[in-house]
Amino acid sequence: MKSVISTSGLGKSYRGRPALIDVFLEVPPGVIFGYLGPNGAGKTTTIRLLAGLLRPTAGRAEVLGLDTVRNREAVQERIGYLPGEFVAYPDLTGEQYLEYLANLRGGVDPSAAARLAKRLDLDLSQRIGTMSHGNRQKVGIVQACFHHPQVLILDEPTAGLDPLVQREFLALVREARQAGHTVFLSSHILSEVEAVADMVGILRQGRLVEVQSVAKLKAQALRRIDLTFEGPTPVERLRQVTGVREIHPNGSAVHLVVEGSTAELLEVAAPYRISSITTHEPDLEEIFLTYYGQG
Amino acid sequence: MTIVLRNVFTKSLRDARRGLIGWGISIVVLVLLEAALWPSVRNMAELQQFLENYPEALRKLFNLDQFATGTGFMNAELYSLLLPILFLVYAIGRGARAIAGEEETGTLDVLLVTRVSPVSLIVQQAAALAVAVAALGTVLFAAVMTWSPVFDLGIGVADAAGGSLALVLLGIEYGWLALAFGAAAGRRAAAVSVAAALAIAAYVLYAAGALVDAIEPWQPLSPFHQAIDGGPLGAGLPAGYAWMAVGAVVFVLAALPVFNRRDIAAR
């Protein structure tokens, strides 16, 4: 299937200083893509290149098969975009601002903004200048989503949102995926990407160091398991199982760190009468650390 | 749906309305105060003699030979310096804000990621600025037409219209220059500085041309000269007005390809 977002050798330098280097990226349709990296890794640069606000100094980027330089206007018309530092006109109410943008876009369902605002618990009659940071961010999310774009490009969308609103936002993102749309969102907070993304790209010092499905990343990841036995603990036997990286006996319990599947471990341990199993789902935080931990 | 938020042009005019009310009131009051002085100036016994004692350069610069008529009085007192400055300050401020201001505050990003192209953005903002400056010129015209009969200044409709037109064109030229530079460079303060510096340079050229014979041939190059030479009240429709319009258009056209191709700065 043809990629919705595609970059080849994409690079951007500011006055000779590289901010993004040789990025090859393919995002298939109907996918939520999490773009991860610490601040300054080049996430915002990538997103602004995709939105047609910057021109690449190397390589090229395509959105929906359209070149972001040559077909910039067509790209900008078709995407929903939330900048990393979203700012709206402080003297307008939320309603006026969204009406203005709806007019600039054209063909926006007039009730869509109100419906989204309600879901995000946002009062649109308030002037934007008097809104809290979180509420302004909600206005930004509404303007990115209210025309149901085929591609959503969101730079740190959950910044400043309280957890309840975050959950509602993630629901919106999933609905967009269900409608066959593609979502590209950046974050430096892994748990929120993990909760929603199908694929992640990990960016480090301007280079894309990994692109992987979340499921695969998790499969490769280190899993932590606590096994409690009714009888004596078979520590030596468990140590020989492939994939077991660490083993820490603790009374009748054993704490293990396993890489990949736990099938073999459980097969070996089962005859020793396990009274309880506690598993800790690996999170991207740990996966992430292995990328950045390498130095 | 309100009409004022339909596009960048109408939104920009909406943003201008409050400032226009303030500037408009100032102009009406200014014209009133100046016009109210006229009866006592006219009745000064030795006005002509008093004026002849002025240095020749000043008499030239402010067209003081015409000072004894209501039109000449207003030309010297308001249209030669004070009103041009007001129109320039207003237009340059708005021009610099139109694009560079939006970029610096961070509202430009979302604006461009719609159907609005950079070229259309400049054109709409330039049009809105022209309308706003023209509105200010209309207020000036109305004020002069109102106070002239009250204080017996004897300024005709065509003269008052020509005076407003001169200032509107001068304002648009430098307002569009500020807009164009702001669009090309993305910095509001720099746009204000460059436009203001070039306006001052134009005035210096105009003034120097009046004082120094060797510079006089260059004087017509100055937009100030184009705007206020021989008037502007009572100057008719000099060819210089067309040059101001041409200059304004050239600035905007020069900015289009630059803004269209450059990076938009993140906030």
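How many C-beta neighbours does A:H148 have inside 10 Å, and how does this residue count as a result?

Analyst: A:H148 counts as partly exposed because 14 C-beta neighbours lie inside 10 Å. By this convention a residue is buried if 20 or more other C-beta atoms lie within 10 Å of its own, exposed if 12 or fewer, and partly exposed in between, with the C-beta atoms placed from the backbone. The structure is a predicted model, in which local features need pLDDT of at least 70 and side-chain atom pairs count only at pLDDT 80 or more, whereas totals for chains, interfaces and linings use all residues. Residues are numbered from 1 along each chain as its sequence is written, while chains are lettered from A and ligands numbered from 1 in the order in which they are written.

A:H148 lies in the loop that joins α5 (133-145) to β7 (151-155) of chain A. Such helices (DSSP runs of H or I, at least four residues) and strands (runs of E, at least two) are numbered from the N terminus. The backbone of A:H148 has a phi near 50°, a positive value in a residue other than glycine. A:R273 counts as exposed, because it has 10 C-beta neighbours inside 10 Å.

The chain around these two residues comes next. Chain A contains 11 helices and 14 strands, and its C-alpha trace spans about 70 × 45 × 35 Å along the principal axes. Of its 295 residues, 41% are buried. Chain A is assigned domain 1 (5-211) and domain 2 (221-293), with bounds that come from an automatic or database domain assignment. The centres of these domains, taken over C-alpha atoms, are 39 Å apart.

A pair of residues gives a further distance in this chain. A:P234 is found in the loop between β11 (222-229) and α9 (235-239) of chain A, and it is partly exposed because 17 other C-beta atoms lie within 10 Å. A:P234 and A:Q150 are 84 residues apart in sequence, and their C-alpha atoms are 55 Å apart in space.

Chain A also meets chain B: 26 residues of chain A are in contact with 21 residues of chain B. On the chain A side, α1 (43-50), α2 (72-78), β6 (79-82) and α3 (94-105) each supply at least two residues. The most come from α3(A), which gives 7. By class, this side has 12 nonpolar, 7 polar and 7 charged residues. Here Ala, Val, Leu, Ile, Met, Phe, Trp, Tyr, Cys and Pro count as nonpolar, Asp, Glu, Lys and Arg as charged, and the others, Gly among them, as polar. In the loop between α3 and α4 (112-119) of chain A lies A:G107, which counts as exposed because it has 8 C-beta neighbours inside 10 Å.

Within chain B, helix α1 (residues 8-42) packs against helix α7 (residues 118-151) at an angle of about 25°, with axes 8 Å apart. Axes are lines fitted to C-alpha atoms, for helices over the stretch in contact, and angles run from 0 to 180 degrees between N-to-C directions. α1(B) and α7(B) are therefore roughly parallel; angles under 35 degrees count as roughly parallel, over 145 as roughly antiparallel, 65 to 115 as roughly perpendicular and the rest as oblique. Their contact has 27 nonpolar, 5 polar and no charged residues.

α1(B) also packs against helix α4 (residues 70-79) of chain B, at an angle of about 125° and with the axes 11 Å apart. These two helices are therefore oblique to each other. Their contact is made by B:E34, B:W38 and B:V41 of α1(B) with B:G70, B:F73, B:M74, B:E77 and B:L78 of α4(B). These residues divide into 5 nonpolar, 1 polar and 2 charged. B:R17 is also in helix α1 of chain B, and it is exposed because 11 other C-beta atoms lie within 10 Å.

How values were computed. Contact = placed C-beta atoms within 7 Å.
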